Amino acid sequence: MTVAYSKERVQFGRPIGSFQALKHRMADMLVLVETARSIAWAAAYAVSVGAPDAPRLAASAGSWCSDALEQVAAETVQMHGGIAITWEHDAQLLFKRAHALGQLFGQAHEHRRAVLG
C-alpha cells in the first residue's frame, strides 16, 4: 500500500517514491516484513514437527513479529502523511490493528521475557 501510494503522490514535481530517503525507509520496511515472515515460518515448522526448541522459536517469532508490525504500521502512517490518520484511508486501520494485535497476542517485551525464561 505504501509503495503504491509513493508512486502516485507527487511532491516538488516528482513522485515521492523517487526520493532516496523514502526508498531507504521502504526498503527497511521490506526487510522487517521478510524477516518476520521467515521467523514465523521457522517457528510454525518447529511446532508442527515437535522440535524441542519450538517454544523458544515461537516466543522469538512473537517478539520479532510484534515489533516489526508496530514499526511497519508506524512507518506507513508517516509515509502517507496527513491522509493516513483520516477515516478516508486504510492506513489508520493498519496502525490501530497493529496496536490491537499487540494487546491480543502479547507485546514484544512479553515474548522476549519468555525467550529468556
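Me: How far apart do the centres of the positive and negative side chains lie?
Reply: The chain carries 11 positive and 10 negative side chains, where Lys and Arg count as positive and Asp and Glu as negative, with His and the chain ends not counted. Each charge is placed at NZ of Lys, CZ of Arg, CG of Asp or CD of Glu, and the centres of the two sets lie apart by 4 Å.

Me: What should I know about the origin of these values?
Reply: This is a predicted model, in which local features need pLDDT of at least 70 and side-chain atom pairs count only at pLDDT 80 or more, while totals for chains, interfaces and linings use all residues. Residues are numbered from 1 along each chain as its sequence is written, and side-chain values use heavy atoms, with hydrogens and water left out.

Me: In what order do the elements run from the N terminus on?
Reply: The chain has 5 helices and 2 strands, which are DSSP runs numbered from the N terminus (helices H or I, at least four residues; strands E, at least two). From the N terminus on, their order is α-β-β-α-α-α-α.

Me: What is the radius of gyration of the chain?
Reply: For 117 residues the globule rule gives 13 Å, the rule being 2.2 Å times the number of residues to the power 0.38, with the radius taken over C-alpha atoms. The chain lies well over that value, so it is more spread out than a compact globule, with a radius of gyration of 17 Å.

Me: Is Ser 63 buried or exposed?
Reply: Ser 63 sits in helix α3, and, leaving aside its neighbours within four places in sequence, it is in contact with Ala 108, His 111 and Arg 112, contact meaning heavy atoms within 4.5 Å. The cut-offs are under 20% relative accessible area for buried and over 50% for exposed, with partly exposed in between (1.4 Å probe, protein chains only). With a relative accessible area of 7%, Ser 63 is therefore buried.
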